[in-house]
Amino acid sequence: MAKIGLRKLRHSYLTNPTVDADWAVKEIDIDWSDGGAYALLGPSGCGKTTLLNIISGLLTPSEGRILFDERDVTALAPVERNIAQVFQFPVIYDTMTVYDNLAFPLRNRGVDKARVDRRVREIATLLELDDMLSRRAAGLTADGKQKISMGRGLVRDDVNVMMFDEPLTVIDPHLKWKLRSKLKELHQRVRATMIYVTHDQTEALTFADQVVVMREGEVVQIGTPVELFERPAHTFVGHFIGSPGMNVLPCRIRDGGAFVDDCHVPLVEKLVSQDVAGQLELGVRPEFVRFVDDGVPAQVVRIADTGRHRVVETRAGGARVFVLCGDDEVIPEGATHLAFDPAHTGIYADSWLIGGGGPAQ
Amino acid sequence: MTLELKNVAKRVGTDTHIFATNLTLATKGFNILLGATNAGKTTLIKLMTGLERPTSGEIWFDGKNVTGVSAQRRNVSLVHQFFVNYPNMSVYENIASPLRVARIRGPEIERRVGETAELLRLTPMLRRRPSELSGGQQQRTALARAIVKDSALVLLDEPLANLDYKLREELRDELPRLFEDRGTIVVYATSEPSEALLLGGHTATLHEGRITQFGATAAAYRAPPDLATARVFSDPPINAAAVVKQGGEVALNADVRWPAVGAIANAPDGEYTVGVRPHFVAPAQQSESAVGLDGRVLVTELSGSESVAHFELGDQTWVAQSHGVQAYEIGEMHRFFVDVSRCLYFGADGALVTAAAA
Amino acid sequence: MNKTENQRAWFFVAPVLVLVAFNALIPLMTVVNYSVQETFGNNVFFWQGVGWFEQLLHSERFQAALGRQIVFTAIILAIEIPLGVAIALTMPRKGPWVSVCLVLMALPLLIPWNVVGAMWNIFALPEIGLLGRAINALGIDYNMTQQPLAAWFTTILMDVWHWTSLVVLLAYAGLISIPDAYYQAAEIDGARPWAVFRYIQLPKMKQVLTIAILLRFIDSFMIYTEPFVLTGGGPGNATTFLSIDLVKVALGQFDLGPAAAMSLIYFIMTLLASWVFYTVMTKNDAR
């Protein structure tokens with residue numbers, strides 16, 4: 001296993017990138033430590049798969065270097081980097097048995113027979129594939145096939161990093177959580193460096209100790225699941241993580257305080273208005289909005305009962321603001337007022353957090 | 001206007017895909033078909049469109065028997081899970097295609113395509129080909145084709161399943177608005193309970209080819225008629241465990257017992273199955289009456305704003321769902337609290353114990 | 001309601017049924033009719049039973065033609081299938097050269113059979129043909145109108161030239177349908193090119209190759225025009241394959257009965273062999 005460093009990494013699929021939008025990945029610097037579980041999270045087209053392919057060596061970056069344990073591997077082919085990868089659609093060798101599939105990477109590397117057998121059986125037990133070893137791999141269900149793909153990476157003990165590219169896409173919704181937790185468990189058992197690419201927040205937050213949120217080829221925030229939820233560094237993170245996502249309202253800063261619709265919104269820290277430039281917005285998650293008698297004026301538009309809580313859609317300060325209410329709370333009708341929990345209210349300038357927000361870690 | 005299934009059944013060879021079903025769907029709100037893969041959702045949708053014919057029973061639409069009428073002759077639209085558009089036509093032509101088939105004339109086409117595109121925020125993309133659009137835009141185009149026709153019946157078969165979850169959230173929000181006040185019967189198939197709840201309307205739960213419950217979505221969620229239905233309509237899965245009722249108490253095992261409150265209070269003593277939805281199992285004590293369960297944490301999942309813990313309790317696995325990001329240690333013993341006033345009880349036959357029946 | 005729809009369905013299928021009847025069944029029945037009777041012309045027929053079939057199966061001439069046919073088909077399959085796959089593997093998967101390669105490959109398939117025969121006839125003539133002169137210039141005595149071996153060599157070369165493209169195109173279609181992820185996974189698993197071919201490309205090409213083998217088998221087993229134009233079945237009977245022999249019997253000697261019997265045996269053999277091929281090759285698909 002290895003720690004991984006990305007140094008000033010940039011990539012474009014064009015030969016002569018000129019404008020910003022030509023870059024699929026814009027200057028990225030990341031350090032990942034040995035044995036950690038990481039996730040790259042973002043919507044489709046954010047560059048996360050490009051980044052993954054650069055790390056695995058399937059793609060050579062236009063600029064920058066990739067380091068495995070401080071060794072520059074930028075010019076090395078995937079096989080020389082000793083990595084393993086699980087793809088979106090299960091890749092299995094149809095004509096082989098499950099056993100032969102798992103043994104394949106070892107046999108290719110000339111590992112002796114007894115050792116191959118021992119490793120394959122070990123990994124099969126880990127993945128609960130024991131009783132299928134002699135079956136033709138082509139006959140397995142999607143989750144079985146995906147386990148084989150993982151197993152082919154796990155049998156090798158010289159793997160530097162294991163990568164997952166949206167591995168649960170083809171898994172039946174009702175089986176997803178099982179495989180999701182299996183992955184987490186696997187990481188805790190083998191303690192390999194693992195990188196997981198997905199657009200699904202549950203998959204990313206469940207799997208990773210640290211999540212890299214990407215948008216339009218850029219890293220917008222790197223943080224633990226708690227940090228991403230409590231203190232989104234960018235309105236996009238607030239929107240993308242959590243459902244419904246963070247409410248964003250236009251606001252103004254005056255005398256060190258925030259104002260929405262000329263109504264003062266208390267914050268935990270004072271802001272100095274001179275420091276603030278750009279378009280100002282206030283961000284607060286639906287979890288931290290309450291109905292009150294006196295506060296930001298709002299209008300209740302719709303109520304969706306989700307069984308365990310109710311999502312109330314309101315209009316306030318020229319934006320849509322969602323409020324999450326418990327089963328027993330009384331929801332006002334028509335005109336009302338909202339209060340935001342100061343500890344969880346952040347101020348954003350041009351979409352980047354400049355003050356307030358959840359407790360700093 | 002209604003769509004009525006009268007004793008509709010579908011068998012293929014010796015397999016019964018849909019058992020005799022009676023169902024009446026109206027134009028107000030979405031009609032959701034909720035069930036796991038292979039529960040019969042798609043078969044039911046095909047029967048409603050006329051793509052397949054029932055083995056027995058009749059389908060009535062707007063007061064007319066349409067059982068043998070082919071899909072082409074019924075005024076229906078269908079949107080699939082996969083984005084089905086004509087790849088060689090522009091978005092405009094794609095949306096216009098159902099109108100051209102219906103022999104509607106030029107200016108009228110232009111007006112209706114323009115309106116529909118505006119509604120679905122496709123106006124800037126009208127000249128493009130479907131392949132140049134994102135997944136969400138492609139599915140919007142397919143939806144536009146269904147809407148532009150002004151069909152009396154629109155069927156949506158897991159239309160959001162192949163989209164990123166944020167896009168799914170957006171479209172889920174938009175969809176009910178799109179069909180509001182159109183006088184259209186909308187049928188929406190999904191395998192996700194949370195999706196059904198967010199869409200509202202009415203929900204029919206499907207289990208192994210049978211409709212086990214049909215009613216207003218949130219109300220149906222709160223009162224499942226039996227354990228199988230409660231399982232279909234619960235994500236994460238509902239906790240179910242055998243309990244014994246004796247006197248005024250319910251016992252889970254030798255150590256864990258709680259007062260029999262609610263519907264179970266007046267039920268006769270004996271064996272029951274308790275059903276506890278995961279969000280009524282909390283990681284911390286919320287009320288005095290909550291009962292503690294000491295479980296070993298097996299697995300935890302995070303979904304941004306919610307945490308789910310699977311824990312081991314004797315030989316059972318329980319699930320707890322709570323708000324915020326909870327810090328569980330895998331393998332640790334943790335005390336979870338069950339809100340006993342929210343427990344559902346099912347008799348030996350699986351049926352819900354209700355206050356009335358007791 | 002149900003009934004009207006069903007009847008309409010029949011209405012749509014009817015033309016096809018009529019076509020099949022005229023196209024296949026009626027001629028086939030005529031052949032069956034001839035094969036069990038003897039005629040001396042003037043539309044006078046005598047019942048013959050299975051006589052023609054017995055006579056034919058014991059005839060050395062038929063056995064020899066069948067033998068030549070089987071050897072020919074086996075040789076061209078053994079050459080064209082691997083060669084076609086090999087060429088398909090070397091073709092580019094994307095870029096401007098794809099269409100160039102495809103057009104080049106399709107060219108031989110666009111030339112009519114008899115033209116191919118005539119082309120190769122001239123091409124192989126020892127005095128004026130480029131191929132003939134070239135081979136002779138190498139010091140090899142080559143004359144396909146006189147040497148059976150040379151005739152076989154030319155016939156096979158011609159068939160390979162004409163039909164390998166078909167195998168190439170089919171194999172290529174199979175190859176480009178393999179998702180990139182498979183190659184990437186193999187690369188990561190450390191698979192050598194041979195292993196990639198053996199465990200990814202070949203299994204994924206299996207279905208199209210089944211079709212290719214079947215088509216090439218049926219076509220080569222019934223080959224007529226090209227060898228007829230090229231060698232006329234000679235020298236002697238060296239390249240007289242089944243269909244050439246059949247025409248000689250039917251039209252050359254006007255023995256309608258034996259010719260009909262031969263056609264039927266021929267037909268059944270082709271059908272049987274195709275069926276065997278198909279079942280053997282698709283046997284493992286189910287699980």
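Reader: Leaving aside its neighbours within four places in sequence, which residues is L175(C) in contact with?

Author: Keep in mind that this is a predicted model. Once neighbours within four places in sequence are set aside, L175(C) is in contact with A88(C), Q201(C) and M205(C). L175(C) itself belongs to helix α7 of chain C, residues 148–176. As for distance, the C-alpha atoms of L175(C) and K204(C) lie 7.2 Å apart, though 29 residues separate the two in sequence.

Reader: Is L175(C) buried, exposed or partly exposed?

Author: The count of surrounding C-beta atoms decides that, and a residue is called buried at 20 or more within 10 Å. L175(C) has 18 others within 10 Å, so it is partly exposed.

Reader: Why is helix α1 of chain A described as largely enclosed?

Author: Apply the burial test residue by residue. Helix α1(A) spans residues 48–56, and it is largely enclosed by the rest of the structure because eight of its nine residues are buried. Among the buried ones are K48(A), L51(A), I54(A) and I55(A). Just after the helix, G57(A) has a positive phi of about 95°.

Reader: Which residues touch the most other members of the largest nonpolar core?

Author: They are A39(A), I195(A) and Y196(A), in a core of 109 residues. Domain 1 (4–223) and domain 2 (237–356) of chain A each give at least three residues to this core. Beyond its neighbours within four places in sequence, I195(A) has contacts that include L52(A) and I55(A), both of which are buried residues of α1(A). A second, separate core has 88 residues, including M48(B), F83(B), I211(B) and L344(B).

Reader: And the interfaces: how many residues does each chain bring to the contact between chain A and chain B?

Author: In general, the size of an interface is often given as the accessible area lost when the parts come together. Here the description is by residues: 31 from chain A and 26 from chain B. On the chain A side, α6(A) gives the largest share, eight residues. That side divides into eleven nonpolar, twelve polar and eight charged residues.

Reader: What does the contact between chain C and chain A consist of?

Author: It brings 16 residues of chain C together with 20 residues of chain A. On the chain C side, two or more residues come from each of α8 (180–188) and α9 (193–221), and α8(C) supplies the largest share, six residues. By class, that side has ten nonpolar, two polar and four charged residues.

Methods:
Residues numbered from 1 in each chain as written. Chains lettered and ligands numbered in written order. Predicted model: local features only at pLDDT ≥ 70, side-chain atom pairs only at ≥ 80, totals over all residues. Contact = placed C-beta atoms within 7 Å. Helix = DSSP H or I, 4+ residues; strand = E, 2+ residues; numbered from the N terminus. Nonpolar A, V, L, I, M, F, W, Y, C, P; charged D, E, K, R; others polar. Buried ≥ 20, exposed ≤ 12 C-beta atoms within 10 Å, placed from the backbone. Core = buried A, V, L, I, M, F, W, Y, C linked by C-beta atoms within 7 Å. Domains from an automatic or database assignment.
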